[in-house]
Amino acid sequence: MGAHPVLTLIAQRIALGFLLLLAVSVLIFLGTEILPGDVAQSILGQAATPQALENLRRELGLNDPAYIRYFRWLGGVLTGDLGTALSNRMDIATSIWPRLKNTLFLAFWAAVVSVPLAILLGLIAVRYRNGFVDKTISGLALSATSLPEFFIGYVLMYVFAVRLGWFPSVSTVYDTMSFTDRMRAIALPATALTLVVLAHMMRMTRAAILNVMQSAYIETAELKGLSLFEIIRKHAFPNAVAPIVNVVMLNLAFLIVGVVVIEVIFVYPGMGQYLVDHVSKRDVPVVQAVGLIFAAVYIGLNLIADIVAILANPRLRHRR
């Protein structure tokens, strides 16, 4: 007997995810390779002697061909060694871990608020579709989508930190902070992220459910005399789960990968701030490591969305 079609599809998706991540690692390496300037020169400064530059290039392995350096870097990544930062000679994996925890903490609380709220607003918009409630929710969502995240961040900072003084304008967090202080510190960046992703998730949830509502079995349910709420709850929403999960995962990926601007605005010690700090120093190993982690998170969350969509398809769950 062959493997179950669901297991085969999931295995194919996982293999494709790993291949995609490998391809992205090549692009990240090539992208940092073609950057202008000399890494050794940026470390030692303009006053460095040619001999000192040559010695540092040899020490860092910069004289080796690009493909050897790529496989050396990839081998390190596969064994958990992300390399050493050129700017401060610190182990990148050790430096990244607390930053990654901070970014995940911020993204988690933004997701806890935005995901249920987006699905609820999407359901309400469908329940009162084409009415005042639907048009109001859709209008506000469209307005929020059209505003760039840095603008939302600065408006929140000006109103709630500068004018009202309710929250700090600089979101400093550290290990010894109490949970309450940490939540107060991330209140503004988490709100900014929530507003950025909420509108998109809500609009896509509404579109997914309305698309299902046009199906023949929905018309049958209407003819049976079921209320609109019952039709949405029992028939439309369960069948719209796959596209909704896709949208949610895409936005969760944005919450983790797209935090760079928000973290820089609020000086939040996360992955985005860490990346920007080291881009300005032309610290190539750090840029490569952060880029690869962001790519892995993005591909991983999309992979989960694919697997959920496969499992939600009843035609694949049962053999013919």
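1. **Ground rules.** The model is predicted, so local features need pLDDT of at least 70 and side-chain atom pairs count only at pLDDT 80 or more, while totals for chains, interfaces and linings use all residues. Residues are numbered from 1 along each chain as its sequence is written, and side-chain values use heavy atoms, with hydrogens and water left out.

2. **The overall picture.** The chain has 15 helices and zero strands; these are DSSP runs numbered from the N terminus, with helices being H or I of at least four residues and strands E of at least two. Of the 320 residues, 39% are buried, where buried means under 20% relative accessible area, exposed over 50%, and partly exposed in between (1.4 Å probe, protein chains only). Among contacts in the chain with a separation of 6 or more, 73% join residues 24 or more positions apart; a contact means heavy atoms within 4.5 Å.

3. Leaving aside neighbours within four places in sequence, Leu-193 touches Leu-106, Ala-110, Leu-255, Val-259 and Ile-262.

4. **Trp-109, on helix H5.** Trp-109 lies in helix H5 and counts as partly exposed because its relative accessibility is 24%. Beyond its neighbours within four places in sequence, Trp-109 is in contact with Phe-179, Met-183 and Ile-186. Trp-109 and Met-183 are 74 residues apart along the chain, yet their C-alpha atoms are separated by 8.9 Å.

5. **Arg-182, on helix H8.** Is Arg-182 buried or exposed? Arg-182, found in helix H8, counts as buried because its relative accessibility is 13%. Setting aside neighbours within four places in sequence, its contacts are Asn-102, Phe-105, Val-173, Tyr-174, Asp-175 and Met-177.

6. **Leu-292, on helix H14.** Leu-292 is found in helix H14 and is buried, with a relative accessible area of 10%. Leu-292 and Val-26 are 266 residues apart in sequence but 9.9 Å apart in space, C-alpha to C-alpha. Apart from neighbours within four places in sequence, Leu-292 is in contact with Leu-21, Ser-25, Ile-28, Trp-73 and Val-77.

7. **The surface.** The accessible surface of the chain comes to about 17,500 Å², of which 67% belongs to carbon and sulfur atoms; areas come from the Shrake-Rupley method with a 1.4 Å probe, and for residues only the protein chains shown count as cover. In soluble globular proteins, nonpolar side chains tend to be buried together. Here, a nonpolar patch on the surface has about 1,000 Å² of accessible area together, and its members include Phe-150, Tyr-154, Trp-166 and Val-261. H7 provides the largest share of the patch, seven residues. Val-155 is found in helix H7 and is partly exposed, with a relative accessible area of 36%. Patch residues have over 30% relative accessible area and no salt bridge, with like charges joined within 9 Å and nonpolar side chains (Val, Leu, Ile, Met, Phe, Trp, Tyr) within 5 Å; a salt bridge is a side-chain nitrogen of Lys or Arg within 4 Å of a carboxyl oxygen of Asp or Glu.
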